[in-house]
Amino acid sequence: MHAIDQIFNHQDFSDQDLQDARFENCSFYQCRFNHSDLTDAEFINCKFMASGDDIGCDFSYATLTSASFKRCNLSMALFKGARCYSLELRETNLQGSDFSRASFANYITPKSYFCSAYITGCNLAYAELGDLLLEECELFDNRWRGANLTGASMKGSDLSGGEFSQDQWGSFALQGANLTRIELEGLDPRVVDLKGVMINQWQQEQLLAPLGIVVVE
């Protein structure tokens, strides 16, 4: 399926096989993709919410393995329980989106897994991302302010250039993460485990301030 410049109103794509589908400059208003298979599907410059609406599209329990969204508006979209391994989200508005119980992990055994996600240049303000496993993923240049990250693990991920609010530090695991180009105000190394994290030289002053250490050049 290949659609260009089309508008879909209240359309139900639930349980459909949309593998390898490609949508360009399309608009989806209150559409349902529940349990649909969107493996390797591509969405480019698409809108998933009408101006003035407070409800986005529903991707609950969809298979989004290796799916790609580039320069899209996915505000208020529901991704509850979706299979998101290797999902690509680039320069996309995800404000208020809900990823409750979504999975970016591929499990080898119940306790052995590896994650894959490419989320870059996105607005994740006020998104629901609690308890997600996003370890060793590409997550740079995102806006995270106001998002719920409680219990999430971003160990080893590239978080460089991200925007975080002070109250988010300590709510998620970030050992081994790349924290370069991030304002670190409020990040207390006495409280947050920073083992293996990468920072720029200029960030030392912010990181050591809670310890009462003054950095001079």
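This is a predicted model: local features need pLDDT of at least 70, side-chain atom pairs count only at pLDDT 80 or more; totals for chains, interfaces and linings use all residues.

## The chain as a whole

A quick term before we start: a residue counts as buried when its relative accessible area is under 20%.

The chain has one helix and ten strands, and along the sequence they follow the pattern β-β-β-β-β-β-β-β-β-β-α. The radius of gyration is 18 Å, close to the 17 Å that the globule rule gives for 217 residues, so the chain is as compact as a globular protein of that length. Along its principal axes, the C-alpha trace spans about 60 × 40 × 25 Å.

Among contacts between residues at least 6 apart in sequence, 21% join residues at least 24 apart.

In soluble globular proteins, nonpolar side chains tend to be buried together. Here, the largest nonpolar core holds 63 residues, and Phe28, Phe48, Phe59, Leu64 and Phe69 touch the most other members. Strand S7 (87-90) and S10 are the elements that give two or more residues to this core.

Take a look at leucine 64: beyond its neighbours within four places in sequence, its contacts include Leu38, Phe59, Phe69, Phe79 and Leu87.

## Rings that pair up

How many aromatic pairs are there? The count comes to 26. One of them joins phenylalanine 8 and phenylalanine 13 edge-to-face, at 5.6 Å centre to centre with 70 degrees between the planes. Phenylalanine 8 is buried at 5% relative accessibility, and phenylalanine 13 is buried too, at 2%.

Phenylalanine 43 and phenylalanine 69 have ring centres 4.6 Å apart and planes at 5 degrees, so this pair is stacked. Phenylalanine 43 sits in strand S5 and phenylalanine 69 in strand S6, so the pair ties together parts that are 26 residues apart in sequence. Phenylalanine 43 is buried, with a relative accessible area of 0%, and phenylalanine 69 is buried with 0% as well. Both belong to a cluster linked by ring pairs, whose members also include Phe8, Phe13 and Phe104.

## A polar residue in a loop

Where does asparagine 178 lie? You'll find asparagine 178 in the loop between strand S10 (117-120) and helix H1 (204-208). Is asparagine 178 buried or exposed? Asparagine 178 is buried, because its relative accessible area is 16% and the cut-off is 20%.

The side chain of asparagine 178 makes a polar contact with the side chain of aspartate 158, at 3.5 Å. Leaving aside neighbours within four places in sequence, asparagine 178 also has contacts with Ser157, Leu159, Ser160 and Met198, among others.

Note on methods
Residues are numbered from 1 along each chain as its sequence is written. Side-chain values use heavy atoms; hydrogens and water are left out. Helices (H or I, at least four residues) and strands (E, at least two) are DSSP runs, numbered from the N terminus. Buried means under 20% relative accessible area, exposed over 50%, partly exposed in between (1.4 Å probe, protein chains only). A polar contact is a pair of N or O atoms within 3.5 Å; within protein, one must be able to donate a hydrogen and the other to accept it, and residues adjacent in sequence count only if both atoms are side-chain atoms. Contact means heavy atoms within 4.5 Å. A nonpolar core is a set of buried Ala, Val, Leu, Ile, Met, Phe, Trp, Tyr and Cys residues joined through side-chain atoms within 4.5 Å. The radius of gyration is taken over C-alpha atoms; the globule rule is 2.2 Å times the number of residues to the power 0.38. Rings of Phe, Tyr and Trp (its six-membered ring) pair if their centres lie within 6.5 Å; planes under 30 degrees apart count as stacked, over 60 as edge-to-face and the rest as tilted.
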